[in-house]
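Biologist: I would like to learn how to read charged pairs and helix packing in a model. Can you take me through one case?

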Amino acid sequence: MSPPPNYEFQEWWNKEREKHHSAFLDVKHDKPSWSTVEIQSPVGHLSDDLTVDKSRHRNARQLSHILLLKLQQAFNSLSWLASSSFSLVLAANRRISSPDSRTHRDKPPTRLYRLIKAFLVLVLLLLLFELVAYFKGWHFSPPTLSSSAEFLGILYANWLYVRANYLAPPLQAMADVCTVLFLIQSVDRVVLVLGCFWIKFRKVKPVARVAFGGDVENADPEEYPMVLLQIPMCNEREVYQQSIAAVCVQDWPKERMLVQVLDDSDDTEVQLLIKAEVQKWQQKGVHILYRHRLIRTGYKAGNLKSAMSCDYVKEYEFVAIFDADFQPGPDFLKKTIPHFKGNDDLALVQARWSFVNKDENLLTRLQNINLAFHFEVEQQVNGTFINFFGFNGTAGVWRIKALEECGGWLERTTVEDMDVAVRAHLEGWKFIFLNDVKCLCELPESYEAYKKQQHRWHSGPMQLFRLCFFDILRSKVSISKKGLMSILNILPSPGSFPFIVPYLLFENTMSVTKFNAMVSGLFKFGSSYEWIVTKKLGRSSESDLASIVESENENQVLGGALLRANSESGLEDLTKLELTNRNGKKRINRLYRKELGLAFILLTASARSLLSEQGIHFYFLLFQGVTFLVVGLDLIGEQVS
């Protein structure tokens with residue numbers, strides 16, 4: 001039953017509306033009501049009576065107030081823009097003048113940097129030349145060799161001739177090649193996006209033939225396959241506890257799993273900490289071993305190869321691999337292992353990554369855009385339609401028989417994960433990607449760490465291309481799959497739409513690092529075979545460990561003694577460790593010479609474009625130059641520890 005109408009409220013509302021309406025129409029009123037001021041178009045009143053009372057029109061005083069309001073809004077916008085720009089300039093100045101700032105002066109300059117520096121000197125000289133030509137009006141009426149009498153005019157005419165006949169044609173050819181490559185990549189990505197839409201529309205996803213459910217304690221252990229879990233790490237002081245804990249609490253029979261902590265640390269203190277953590281879990285009944293190599297060759301590939309050579313590995317059917325910053329859920333094995341049942345030609349089950357710090361700063365947001373497309377579109381579509389994608393190196397389960405048949409881990413590239421995946425697929429093995437099984441991990445928060453990671457990720461594939469190209473041609477794989485193996489990012493991450501423009505500019509900035517890495521890997525230049533461990537900060541360590549302890553309590557995996565040990569020992573040790581790290585480490589500003597040099601080149605080019613008769617590239621060059629400047633001053637991510 002509806003309540004009776006409130007006549008008192010209706011009467012008050014009518015009085016208020018008449019009062020405000022009369023205040024707006026009364027031209028004799030000293031102060032018009034600001035809340036009712038609006039500009040109305042006369043088009044909507046053409047059918048009205050033209051003899052309407054003049055009191056309904058705006059007077060000069062009302063229009064002046066409206067103009068003042070608009071001016072105030074414009075002034076506020078300009079002041080905000082000026083304040084933001086001034087803050088950016090101050091931050092850049094602090095980075096440059098700070099005694100804690102550092103560059104790569106301790107390293108000899110690379111060939112690329114020397115080339116950038118030489119080109120910067122050249123473009124600055126050309127800018128001075130263009131300024132002289134601009135003030136003489138030569139951009140609108142350029143001199144010719146026959147008509148010019150002065151030396152500068154003859155020099156400028158010769159410059160125009162050289163630029164038009166010798167510099168423009170090769171640059172145009174390079175631009176055409178880039179356009180063709182861009183179109184090929186665009187077609188590839190459109191096809192991938194359409195495939196992703198098809199998967200979503202038809203609700204296609206891998207379905208396991210069996211399932212491991214119920215209580216593990218009361219189940220028959222013989223029903224569960226033997227699984228080896230490996231955690232390769234190197235000086236992972238910040239994250240070793242949470243990764244070991246997450247792997248040790250897997251909801252799987254303890255006698256049917258073995259955890260290998262593969263420690264390649266050269267820091268003695270870190271080695272002792274990891275050993276103590278392993279011993280703590282051994283006392284709790286977990287089958288876990290600590291391995292440390294005396295001869296640390298081959299980086300991660302050498303570490304995994306050494307671990308797989310142990311005699312007891314023959315007893316296990318599958319191996320799950322987790323990098324040091326990855327935290328699989330307790331049901332990870334229960335969600336991945338069942339897919340192998342009945343699929344004898346299945347070699348790999350890959351889970352998706354989920355990032356605990358994707359909203360930490362602008363750099364992590366931009367990385368999330370790129371990686372979301374990689375998992376949601378590239379790997380899911382390739383896994384669904386061609387049963388192949390590159391192994392991500394972590395958060396995946398391998399059939400040990402497949403690893404052995406394809407040659408195991410090789411130390412010939414820095415992308416051993418992609419290498420073993422290509423060789424396994426050439427042997428006829430298939431892969432499955434599980435988009436709904438996520439494994440928590442951490443994104444690089446500093447540009448220094450991200451740049452080194454991207455150098456390895458783009459140098460390694462070119463090494464692999466050089467090594468595997470003829471193997472791919474000689475393989476029995478179909479021609480269509482060979483093409484896919486040889487040769488619209490924002491869609492999977494809708495929350496990142498506001499960052500689409502910074503993402504595009506940042507990707508152009510990173511293209512220099514990526515191109516340099518690809519050339520280095522293809523021709524074995526410089527540090528193409530150097531492996532630098534990506535720096536982790538160990539964010540959310542306490543909360544993650546607490547959630548693990550809580551899940552232990554709910555599932556009663558290891559009983560109350562384990563809960564007390566974690567709550568009393570694990571969290572206390574982790575808190576002490578984080579306090580030590582916070583007090584003992586200092587954030588340092590880093591300046592990147594290549595990016596700064598390219599920033600000045602682009603800003604100089606934007607100035608030249610503004611001076612020229614065809615200044616259509618000014619805005620792109622300006623924004624891209626500012627992006628390089630921001631990155632070069634290390635204003636995009638976390639400072640380096």
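**Salt bridges and helix contacts**

Modeller: Start with a pair. The side chains of Arg412 and Asp419 form a salt bridge, N to O at 2.9 Å. Keep in mind that this is a predicted model.

Biologist: What is the general idea behind such a pair?

Modeller: Side chains of opposite charge can pair when their charged atoms come close. Here, a search of the whole structure finds 21 salt bridges.

Biologist: Is Asp419 buried or exposed?

Modeller: Asp419 counts as buried because its relative accessibility is 0%, and the cut-off for buried is under 20%.

Biologist: Which residue does Lys451 pair with?

Modeller: Lys451 meets Glu595 in a salt bridge, 3.1 Å from N to O. Lys451 is buried, with a relative accessible area of 17%. Glu595 counts as buried too, at 3%.

Biologist: How do Glu130 and Arg163 stand on burial, buried or partly exposed?

Modeller: Glu130 counts as buried, at 3% relative accessibility. Arg163 counts as partly exposed, at 31%.

Biologist: Which residues are linked in a network with Glu130?

Modeller: Salt bridges link Glu130, Arg163 and Arg608 in a network.

Biologist: How do I read the geometry of H3 and H17, and what is their crossing angle?

Modeller: Take the approach of the axes, then the angle. The axes of H3 and helix H17, residues 593–611, come within 9 Å and cross at roughly 20°. An angle under 35 degrees counts as roughly parallel, so H3 is roughly parallel to H17. The crossing of H3 past H17 is left-handed.

Biologist: How does H3 lie against H4, and at what angle do the axes cross?

Modeller: The axes of H3 and H4 come within 11 Å and cross at roughly 120°. H3 and H4 are therefore oblique to each other. This crossing, with H3 passing H4, is left-handed.

Biologist: Which residues of H3 meet H4?

Modeller: Leu126, Phe129, Glu130, Val132 and Ala133 do. In H4 they meet Leu152, Leu155, Tyr156, Trp159 and Arg163. The residues of the H3 contact with H4 divide into eight nonpolar, no polar and two charged.

Biologist: One last residue. Where is Arg399 found?

Modeller: Arg399 is in strand E6, residues 396–399. Arg399 is buried, with a relative accessible area of 8%.

Biologist: What is Arg399 in contact with, leaving aside neighbours within four places in sequence?

Modeller: Its contacts are Glu317, Phe318, Phe340, Asn343, Asp344, Leu346, Ala347 and Trp429.

Definitions and conventions
Residues are numbered from 1 along each chain as its sequence is written. This is a predicted model: local features need pLDDT of at least 70, side-chain atom pairs count only at pLDDT 80 or more; totals for chains, interfaces and linings use all residues. Side-chain values use heavy atoms; hydrogens and water are left out. A salt bridge is a side-chain nitrogen of Lys or Arg within 4 Å of a carboxyl oxygen of Asp or Glu. Buried means under 20% relative accessible area, exposed over 50%, partly exposed in between (1.4 Å probe, protein chains only). Axes are lines fitted to C-alpha atoms, for helices over the stretch in contact, and angles run from 0 to 180 degrees between N-to-C directions. Helices (H or I, at least four residues) and strands (E, at least two) are DSSP runs, numbered from the N terminus. Angles under 35 degrees count as roughly parallel, over 145 as roughly antiparallel, 65 to 115 as roughly perpendicular and the rest as oblique. A crossing is left-handed if the near helix is turned anticlockwise from the far one by less than a right angle, and right-handed if clockwise. Contact means heavy atoms within 4.5 Å. Ala, Val, Leu, Ile, Met, Phe, Trp, Tyr, Cys and Pro count as nonpolar, Asp, Glu, Lys and Arg as charged, and the others, Gly among them, as polar.
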